[in-house]
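Please keep the sequence and the coordinates at hand while reading.

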Amino acid sequence: MTTWLAALRELQDAATPAVLVTVAEIQGSTPREAGARMVYTADKQYDTIGGGHLEWRAAQIARAMLEDDASQLPAQRRLERIALGPSLGQCCGGVVFLAFERVDQSCSGTLKELEQHWRSGIDIWRTLPLDNADPLQLYETDGEACDLNGPDNGLHATLFRDVRKTYVTRDAYGRRWLLDLCRAHQPQVMLFGAGHVGTAIVKVLSNLPCRVLWVDEREDMFPDNLPPQVTVEATDVPNAAVDMAEPGAYYLVMTHSHALDQQLTERILKRADIGWFGLIGSYTKRKQFEHRLADRGYTQEQLNRMTCPIGIPGIYGKEPASIAIAVVAQLMQLWELRFTQPARNKFPPALATHALDGRG
């Protein structure tokens with residue numbers, strides 16, 4: 001599924017007008033959280049705000065905006081309250097406030113700035129005036145305005161400095177604003193290998209909140225039109241890319257060469273700040289690597305930080321898609337531990353795995 005930001009980038013390239021729909025606020029039980037986003041064109045839609053009749057109603061509003069005179073405010077910005085009750089055919093029982101904004105070529109600079117922040121792992125606020133057609137403005141999470149910021153909007157930075165979600169507020173002049181927190185894709189995944197399995201893993205990761213640095217010697221192996229959170233590093237010395245990783249990064253090694261896999265393993269295990277390290281392969285491969293690494297002076301504590309085989313138990317298929325699902329599920333379990341219990345477990349140990357002997 002194409003994410004909302006990737007969709008807007010593609011639509012900008014094609015000069016196709018679109019409407020971005022953001023879940024601005026929620027009350028009670030709702031299909032998605034505040035900050036969920038979706039894009040509509042005259043005949044297509046991208047990403048999701050929860051499906052069902054909610055999206056059907058959002059599509060009606062968005063496409064009506066595209067048909068209206070673009071110079072008029074109702075065709076540019078709207079805030080709609082939608083109750084998820086019997087009249088809408090949904091039984092959630094909550095209320096969703098949806099912000100609608102028309103996106104065209106005039107927004108290209110803002111989208112590029114937003115994408116750049118995401119690639120850099122920096123959270124950013126989109127501040128959208130709902131009662132006038134003033135430009136969208138961007139702020140970093142410390143309240144500092146980005147270079148693209150327009151005239152003073154009357155919003156004091158402290159309004160959103162300590163709030164960690166999307167919401168609607170009023171400024172000193174009584175005007176309504178959508179304050180939309182766009183979290184950068186976190187954490188960082190260092191993926192070594194652009195073969196069939198690596199490609200399948202990137203396809204799954206591209207739909208999840210993470211950033212991927214994808215490394216391989218073979219530049220022609222990388223596909224075109226990668227999502228914004230995936231960065232390619234085509235290099236003759238892939239093991240040097242280990243030093244490019246951020247503290248707490250997650251490493252996946254699955255290159256075309258066992259010798260290169262071992263070089264990467266040695267380099268990764270020398271770092272004391274890895275979040276997790278997974279090596280594709282069988283128990284036999286693990287034992288071979290452990291023996292060679294021990295001969296080179298690696299301690300048992302360092303060797304214990306290597307997960308091999310990789311993937312959650314219970315998925316035994318060796319097809320690239322099966323391996324990708326098993327491995328990404330394992331990463332998601334690790335991320336849940338890391339980000340729901342950060343004080344107790346900053347860099348969680350590898351989860352026990354034992355299902356994928358023979359892969360790699």
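How many bridges join β11 to strand β12, and do they run parallel or antiparallel? Five bridges join β11 to β12 (residues 230-234), and these strands run parallel.

## Basis of the description

This is a predicted model, in which local features need pLDDT of at least 70 and side-chain atom pairs count only at pLDDT 80 or more, whereas totals for chains, interfaces and linings use all residues. Residues are numbered from 1 along each chain as its sequence is written, and side-chain values use heavy atoms, with hydrogens and water left out.

## The parallel sheet

Helices (H or I, at least four residues) and strands (E, at least two) are DSSP runs numbered from the N terminus, and two strands are taken to pair if DSSP finds at least two bridges between them. Six strands form an open sheet with parallel pairing, in the order β12-β11-β10-β13-β14-β15. Strands β12 and β15 (306-307) stand at its edges with a single partner strand each, so one side of each is left without a neighbour in the sheet. Helix α6 (residues 258-269) packs on the sheet and touches β10, β13, β14 (276-279) and β15, contact meaning heavy atoms within 4.5 Å. The direction of α6 makes about 165 degrees with that of β14, where axes are lines fitted to C-alpha atoms, for helices over the stretch in contact, and angles run from 0 to 180 degrees between N-to-C directions.

Within the sheet, strand β10 (residues 188-192) pairs with β11 in the parallel sense over five bridges, and Gln188 has Arg211 as its bridge partner in β11. Strand β10 also pairs with β13 (residues 250-253), again in the parallel sense, over four bridges, with Tyr251 of β13 as the bridge partner of Met190. Together, β10, helix α5 (residues 196-205) and β11 make a right-handed β-α-β unit; a crossover is right-handed if, with the strands pointing away from the viewer, the path from the first strand over the helix to the second runs clockwise.

## Strand β11

Six of the six residues of β11 (residues 211-216) are buried, so this strand is largely enclosed by the rest of the structure; buried means under 20% relative accessible area, exposed over 50%, and partly exposed in between (1.4 Å probe, protein chains only). Arg211, Leu213 and Val215 point one way from β11, while Val212, Trp214 and Asp216 point the other way. Trp214 stands opposite Val232 in β12.

## Salt bridges around Asp180

A search of the whole structure finds 15 salt bridges, each being a side-chain nitrogen of Lys or Arg within 4 Å of a carboxyl oxygen of Asp or Glu. Arg37 forms one with Asp180, the closest N and O atoms being 2.8 Å apart. Arg37 lies in strand β2 (residues 37-40) and Asp180 in strand β9 (residues 176-182), so the pair ties together parts that are 143 residues apart in sequence.

The side chains of Arg126 and Asp180 also meet in a salt bridge (2.9 Å, N to O). Because Arg126 lies in strand β6 (residues 124-129) and Asp180 in β9, this pair ties together parts that are 54 residues apart in sequence. Arg126 counts as buried at 3% relative accessibility, and Asp180 is buried with a relative accessible area of 0%. Arg37, Glu101, Arg126 and Asp180 are linked in a network of salt bridges.
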